[in-house]
Amino acid sequence: MPTPLRYELTRNPDCGRRSTITVLAFSPKGPYLAASNLDSILSICLTSSGETLYEVHVSGGVSLLSILWTAHNKCQLLCGLGNGVVILVTIATYITVTGFHTHDNLPMECLSISGSTVVTGTKSEVSLWDHSGSRTITPPPSIAMNSNSEVIVTSLHWAWTKYSDNTLLIAYLHHSILFWDVREAKIAHFFHLKMLVGAMHISPDGNTLVVSNLNSGFDIYCLNNCTLDRSILHPCHGCKIPVAFIHGGFAILSGSSLGQVSIWDVSSRTLLQVLKHEGNS
């Protein structure tokens, strides 16, 4: 009988822990861990030891709200700030920081990248950026049930779909999920959901979509036909709970409204383990 998957605590890095942590992100293949906090500090730690190698202090008390390691370079990352600025941090013999203004004084909470194209999302605005400039994506359509609701982007992901080999999925809190054909610059599909969408993630093989809703937990869909495959009950108490596929798509990692991290088996929908943080029972 196979040994059940179990995680054990190995270290407690102090990466960004002096204040409330806003986001964490491992670099490709995991040698570094980047963390940002509400004190406007970006910390980069060595995963193997937990040692803080670098710190970037953002002036003006502006919070760092999103982190994205660039896939083509493990020593380079993008950070979205609370004032609509995106900074590019490059780690070499020393750290260099450059930045560009994306959205006027809006919190930059969503970032994604595909090749040389970066997509930014904040509030109702989503833009594509590359060496030729920027393009704005058409807002999602409204229906009777959400016509009076604010348009708020919650998640961005790239996918290969039946509509296009370069499809951008945009999740909205009240307005479901939009499939945007980047090559044709048009809406390819609109995936209507009857719940509030807090986050989404796509499996490594690109076939499965998991959606974190603000009511009952997580819903798992076949991406190409948008049919519901199964659901995992995990009350979110109205919070936007992060969710991600791990272990090649065989398990799901999720947050909670109680300061805990849960690992779920996708096929059986069973809870494999709860990773508790200090101060939480």
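**Ground rules.** I am working with a predicted model, where local features need pLDDT of at least 70, side-chain atom pairs count only at pLDDT 80 or more, and totals for chains, interfaces and linings use all residues. Residues are numbered from 1 along each chain as its sequence is written, and side-chain values use heavy atoms, with hydrogens and water left out.

**Cysteines.** I looked for disulfides (a pair of cysteine sulfur atoms within 2.5 Å). The count came to zero. Cys 110 is in no disulfide; its nearest cysteine sulfur, that of Cys 79, lies 14 Å away. Is Cys 110 buried or exposed? Cys 110 is buried, at 6% relative accessibility. Buried means under 20% relative accessible area, exposed over 50%, partly exposed in between (1.4 Å probe, protein chains only). For Cys 239, the nearest cysteine sulfur is that of Cys 236, 7.7 Å away, and Cys 239 is in no disulfide either. Cys 239 is partly exposed, with a relative accessible area of 33%.

**Ser 212.** I found Ser 212 in strand E18 (residues 208-213). Strands are DSSP runs of at least two residues, numbered from the N terminus. Ser 212 is buried, at 0% relative accessibility. Where does the side chain of Ser 212 reach? It reaches the backbone oxygen of Ile 241 at 2.8 Å. I also listed what Ser 212 touches (heavy atoms within 4.5 Å). Not counting residues up to four places away in sequence, the list includes Leu 196, Gly 217, Phe 218 and Val 243.

**Pocket.** I noted which strands each supply at least two residues of the lining of the second largest pocket: E6 (76-81), E8 (95-101), E10 (117-122) and E11 (125-130).

Note on methods: Helix = DSSP H or I, 4+ residues; strand = E, 2+ residues; numbered from the N terminus. Polar contact = N/O pair within 3.5 Å; in protein donor to acceptor, adjacent residues only side chain to side chain.
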